[in-house]
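Grab a pencil and let's work through a few exercises together. Have a look at the structure first, then try each task before reading its solution.

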Amino acid sequence: MMFKRFESLSSQSLSCLEKRFPSIRNHSKQSGFILMVMLILMLLGAAAYFGNYAKNYGFTHRQHDVQKSLQELNFIKQQLLTYAVFQPELFQSNLVSNTVTNTEISAIPSPGYFPCPDMDGDGALSGAESPCSNPRVTGNDATGFDYGFLPVQFKTRNFFLKDISPKEFYYVVADRFVNASGDYNNTTTHRYAPLNAALTPSSGPDLGSPTALPDNTLPWLQVNGSGNYVVLIIAPGVPQTFPDGTSQDRTLSGDAKTVVRQYLDMRFDASGNKIDNGNAAGARFFYSGQQSSPTVNDMVVGITFDEWKAAMEARIKVQKSALCSLSPSIAHWFNDYSAVSNPAGSNWRDQFIDGQAVCP
Ligand SMILES: [Ca+2]
Ligand SMILES: [Ca+2]
């Protein structure tokens, strides 16, 4: 069914895609599958883009730079979704000193994981940085997510955010959705698993310490008081001086958390009374644009859990006949999780998409 829909798309759309992602032209074997998944992502992204645009239009004053930021934010959102959808492919090979070493199938993660934030602002993620480890503690609004600068360089990945500069954006990610977290140490994967649409941590790293979250616990990042966001991307806007005299100075040194107040904004009411530390508070509540406060010029675009789910399910649907033919007993991300024999398993095999079993 999905294939039929794509057959009806014009060849123009496909050549347009190839222009945007030139590297896919060189891999004719995989290109059919990758083109299909990317097309789905672009369609999902377009819907989200126009949704955000319509929502924000009323208070943007039609400023060119605001529109530019919105376009960039939505481009980044699209790239991050692509990163998560192609997570298994990204892990299929590790480029080390110009040699290719294949990661064993049993260690390749499922779709759905995102990178950790860049803490020192060099744009890259180094092994020593490892900032991701903030598991959710019920009642503590400063837990369950990690934040820092948006990483823009990947040594082993040749497509991604090429025109975005280090420190240009802040990036917030729900802790269970990162591909390297010291707190989810199930065997050697350092990832929360199983990660699938049902969010059912039935066993393994989520029993014991840190305490297990109940099944179906959605991520709790919020923007302007609502939503269940997996990822937030924040354009910090121009530096400003707040009603209490505090000025933002982006020449100060320090990691992303140390200098967050120089980028992200406190909230004051129209009379100049401080409401709270807003986006610089280090809490799970974020605010976008001046509708939340006259002193917030940060613009926030996020990936909701539902958008994440739709993108991952779109991939699984395209590939499911091949995936369902895998033996259920081998160690593979598609199969059921086992802390011992399949630590990378995310059990997409037993999920339901649009009310239908993935593998009937
Ligand atoms: Ca870095
Ligand atoms: Ca700001």
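The model is predicted, so local features need pLDDT of at least 70, side-chain atom pairs count only at pLDDT 80 or more, and totals for chains, interfaces and linings use all residues. Residues are numbered from 1 along each chain as its sequence is written, while chains are lettered from A and ligands numbered from 1 in the order in which they are written.

**Exercise 1.** Find where Asn224 sits, and work out whether it is buried, partly exposed or exposed.

Solution. Start with the place: Asn224 is in the loop between β5 and β6 (226–235). Now the rule: buried takes 20 or more other C-beta atoms within 10 Å of the residue's own, exposed 12 or fewer, and partly exposed lies in between, with C-beta atoms placed from the backbone. Asn224 has 15 C-beta neighbours inside 10 Å, so it counts as partly exposed. Its phi is positive, about 50°, although Asn224 is not a glycine.

**Exercise 2.** Which way do β3 and β4 pair, and over how many bridges?

Solution. Two strands pair if DSSP finds at least two bridges between them. Here β3 and β4 (residues 170–174) run antiparallel over 5 bridges. Within the pair, Tyr147 stands opposite Val172 in β4. As for cover, 5 of the 5 residues in β3 (residues 145–149) are buried.

Definitions and conventions
Helix = DSSP H or I, 4+ residues; strand = E, 2+ residues; numbered from the N terminus.
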